[in-house]
Amino acid sequence: MAGGLFELRRDDITGWWVATVVDREFDRARFARPARPVQGRGGRCQNCESAPNDRVWLRVLKPQAFTVAGSELDERPGERSESESEELGMGLLGDVGSWETIAAPFRHHDAISDETEATVIEMLRTARDRIVRAREEGATSYLQVVQNWGEQAGAMTDHLCLDVYDLPQIPHRLGEELGGAARYVIKEGRCPWCRLIEDEVARRDRLVFEDAASVCFAPYASRSPFELWIVPRHHEADFGTSTDEQLTSAAEALQKVIRLLGTLDGPAYNLVLHTAPLQENVSDTYHWHWEIHPRLREVGGLELGTGLPVNPISPEEAVDELLAATRAASGESAPHDEPDAGRSWDDFPRR
């Protein structure tokens, strides 16, 4: 019996399904989409106009950026007074949260992979400290850290920065991860990300990078081509509790992995931090991690109509191609299936 066009894969944490295309030969040309630079107005960079020359800084783009409106059914005209609506938490209740950016110094327009390690570490430290402050303030539910690199990924500037969104709600993806992880721990007795690290290191066919502190792999149910996760080996739910050593490891892993992706013609990508909510204790079940989604294709009707992600390349084949391209770029002649082992824990500087 002939195999199907798609292989349906299930994410063990969220329970969501992905349709992975399995009957096509890999065509390098289909994924040759370098990141397009963002054309600033008259060559201006708003970050550079007020950026310091020698340090990372936090810029507030929009204080109180989110208006909680609910749905049309939540607020029917004439059914309740304005004061009652405010008490119920529905309707237009004013602005909450914020939109900020953690920007590299003046004229730093290189990718993370080409930036100095010290600058990347300082950007991660600023993100960590911002999470700590948001948790102490207790005003919102979640702090989302992202990087949009390249015009195709929604970037609004070529300046190296991490956007920070202080959200009044836990995002749907995080909610699914939180619930799925809790169910997994009840069933299996351990954190699902800790289990993934163990399994991916043992299997190695989806493994891209590992060292004593971090592991990078393509998830089994990858939702996008060449999707990669960077997961710390230590179990911790909240990125805000990261030590300086762990930030050093995270910075090095991010730079190394994004440099590897550069062998795919330097694609646009979205980098996303998943961490614990600000007002919930999920220390036993959650595990912070980074996700990288290269923007190498458009969303089709099947995905829009069903919510089922379609990945045109299996994660195993994606890792094969990524490592092969890396070997070719470095001039290695003998093929091997081992990713770079990185450095040991003792090699990470203490600060």
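Arginine 128 belongs to helix α3 and aspartate 244 to helix α6 (residues 244–261), so the pair ties together parts that are 116 residues apart in sequence. Helices (H or I, at least four residues) and strands (E, at least two) are DSSP runs, numbered from the N terminus. Arginine 128 is buried, with a relative accessible area of 11%; buried means under 20% relative accessible area, exposed over 50%, and partly exposed in between, with a 1.4 Å probe and protein chains only.

Glutamate 117 also lies in helix α3, which covers residues 117–137, and is partly exposed at 27% relative accessible area. Its C-alpha atom and that of alanine 251 are separated by 6.8 Å, although these residues stand 134 residues apart along the chain.

## How the model was read

Residues are numbered from 1 along each chain as its sequence is written, and side-chain values use heavy atoms, with hydrogens and water left out. Because the model is predicted, local features need pLDDT of at least 70 and side-chain atom pairs count only at pLDDT 80 or more, while totals for chains, interfaces and linings use all residues.

## The chain as a whole

The protein chain holds eight helices and twelve strands, and 48% of its 351 residues count as buried. Among its contacts with a separation of 6 or more, 75% come from residues 24 or more positions apart, a contact being heavy atoms within 4.5 Å.

## Strand β1 and its sheet

Strands β1, β2 and β12 form an open sheet in the order β1-β2-β12, with mixed pairing. The edge strands are β1 and β12 (310–311), each of which pairs on one side only; two strands pair if DSSP finds at least two bridges between them. Five bridges join β1 to β2 (residues 17–21), and these two strands run antiparallel. Phenylalanine 6, in strand β1 (residues 6–10), stands opposite valine 21 in β2 and is partly exposed at 36% relative accessible area.

## More salt bridges

A search of the whole structure finds 27 salt bridges. One of them joins the side chains of arginine 9 and glutamate 316 at 3.1 Å, N to O, and this pair links distant parts of the chain, since arginine 9 is in strand β1 and glutamate 316 is in helix α8 (residues 315–330), 307 residues apart. Arginine 9 counts as buried at 7% relative accessibility, and glutamate 316 is buried at 16%. Both take part in a network of salt bridges that links Glu7, Arg9, Glu200, Arg206 and Glu316.

## A buried histidine

Histidine 287 is found in the loop between β10 (269–274) and β11 (289–294), and it is buried, with a relative accessible area of 0%. Its side chain reaches the backbone oxygen of proline 232 at 2.8 Å and makes a polar contact with the side chain of histidine 235 at 3.4 Å. A polar contact is a pair of N or O atoms within 3.5 Å; within protein, one must be able to donate a hydrogen and the other to accept it, and residues adjacent in sequence count only if both atoms are side-chain atoms. Not counting residues up to four places away in sequence, histidine 287 touches several residues, including Cys191, Trp193, Cys194 and Ile197.

Key:
Salt bridge = Lys/Arg side-chain N within 4 Å of Asp/Glu carboxyl O.
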